[in-house]
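Subject: Structure for you to look at

Dear colleague,

Here is the structure I promised to pass on, followed by some notes on what was found in it. Please have it open beside you while you read.

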Amino acid sequence: MNIAIFASAFYPHVGGVEELCRQLSLELMRKGHRVIILTNRWPRSLPEYEEVDDIPVYRLPFRVPDGSVKAHLSYHLAHRQVFRQMLDILRKHAVDLLHVQCISSNGYYAMLAKQALGLPLVVTAQGELTMDATGLYQRSGYMRRTLRQILNVSDTITACSRATLQELEEWYARPFGQRGCVIPNGIRLADFEDDRPLEEKRPFILGIGRMVPQKGFDLLIEGFKRAGIADMDLVVAGDGPELAVLKELASGSGLNGRVHFPGKADRQTAAALFRECVFFVLPSRHEPFGIVNLEAMAAGKAVLATRVGGVPEVVLDGETGILVPPEDVDALAEGIRRLADDPALRERLGAAGRERARLFSWDAVTERYLEVYGKVCGAGKEPGSVG
């Protein structure tokens, strides 16, 4: 099959969706399929085309007529050319299927491509309604209407968790029926088998992710303070708009430099942090899936997380980790103390987590996507038939 993945973001940007699209593309290619990535060209200094890990990546200015007068003007000046360029790319690669990962302006252009070329469209939700850092669907009536149009015309709608699928159905105000299904995000197990050490000297508890309010890292810093753990530090890795605020919070917490912010972590560094931490904490206020919990489990680490969104579908309370109520700092602090004081518990949870993580390998996840692709293409054009 020739598959076009419309990604809301892709490398050199770093995040869950970017890694998801990369790993899915690589696994599809290993299975003999051909994949291209189409994503938004932002910033404009990024090249229009390059290959990332042998994946052809096309960047187009996926503008929509929304927002300021300047935004509307930019859209109308460039849209026709961008639309033609997109169709030329899809025809050049004889694309059989369009797959949107995380719905933003990428979904709008994939919808236009479906309408123009008659191609099957698969849309995958990643918690956009609540997890977009800019509040896209809260602030933009145009994007809410566009999202509804995209859902109307999609052949299949998948979501990373049951909670995310249900959230989207409730917003849509009717069930998707046979069009809807859950396909979890995956992990590359081999990333956590390396044994190269970090330079960290003291034992540390790990939090990692985008520095945005939804992730609750402010709660983690306060919970760590209340837990009173003297022989471990806290490492909070990642980048984002809340980083300066979190650093200020940590510096004023009286923890005497025991909270560390190493910044954005590449895949190798992130895997090493998971392997070497004492245990992992994700204190999210909202979380559609929480792939970092899976990554900690793959590294054999106990997980402390909040019972939100799709997290309980990944972290089994009392079996592979401990779940606490969201925004409950006292419960978070108690969970930190419990794991810090009980090595046997950490070992048991970590071992069970490593076994459970095998269910989420990219091979298994990709096979589920291929089942969906086969169903939607079976009722459409023959492979390679784009004219």
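I start with a loop: Ala94 lies between α2 (69–92) and β5 (97–101), where helices (H or I, at least four residues) and strands (E, at least two) are DSSP runs, numbered from the N terminus. Please keep in mind that this is a predicted model, in which local features need pLDDT of at least 70 and side-chain atom pairs count only at pLDDT 80 or more, whereas totals for chains, interfaces and linings use all residues. Residues are numbered from 1 along each chain as its sequence is written, and side-chain values use heavy atoms, with hydrogens and water left out.

Ala94 has a positive phi of about 45° although it is not a glycine. Ala94 counts as buried because its relative accessible area is 19%; buried means under 20% relative accessible area, exposed over 50%, and partly exposed in between (1.4 Å probe, protein chains only). Ala173, in the loop between α7 and β8 (180–182), also is not a glycine and has a positive phi, here of about 75°, but Ala173 is exposed, with a relative accessible area of 65%.

Two cis peptide bonds may also interest you. One runs from Tyr11 to Pro12, with omega near 15°, and Pro12 sits in the loop between β1 (2–7) and α1 (16–30). Another joins Trp42 and Pro43, with omega about 0°, and Pro43 belongs to the loop between β2 (34–40) and β3 (49–52).

As for the chain as a whole, it has 15 helices and 14 strands, and its C-alpha trace spans about 65 × 45 × 40 Å along the principal axes. A compact globule of 387 residues would have a radius of gyration near 21 Å, and the 21 Å of this chain agrees with that; the radius is taken over C-alpha atoms, and the globule rule is 2.2 Å times the number of residues to the power 0.38. Buried residues make up 56% of the 387 residues. Of the contacts (heavy atoms within 4.5 Å) with a separation of 6 or more, 69% are accounted for by residues 24 or more positions apart.

Which residues touch the most other members of the largest nonpolar core? In this core of 44 residues they are Phe6, Leu38, Met86, Leu90, Leu98 and Tyr109, a nonpolar core being a set of buried Ala, Val, Leu, Ile, Met, Phe, Trp, Tyr and Cys residues joined through side-chain atoms within 4.5 Å. Not counting residues up to four places away in sequence, Met86 touches Phe6, Leu38, Leu60, Tyr109 and Ala113.

Helix α10 (residues 267–276) has as its buried residues Ala270, Ala271, Ala272, Leu273, Phe274 and Arg275. These buried residues of α10 pack against β9 (204–208), β10 (233–237), β12 (280–282) and α11 (291–298).

Finally, Arg162 lies in helix α7 (residues 162–172) and counts as exposed because its relative accessibility is 56%. Leaving aside neighbours within four places in sequence, Arg162 is in contact with Val182 and Glu313. Arg162 and Leu119 are 43 residues apart in sequence, and 27 Å separate them in space, C-alpha to C-alpha.

With best wishes
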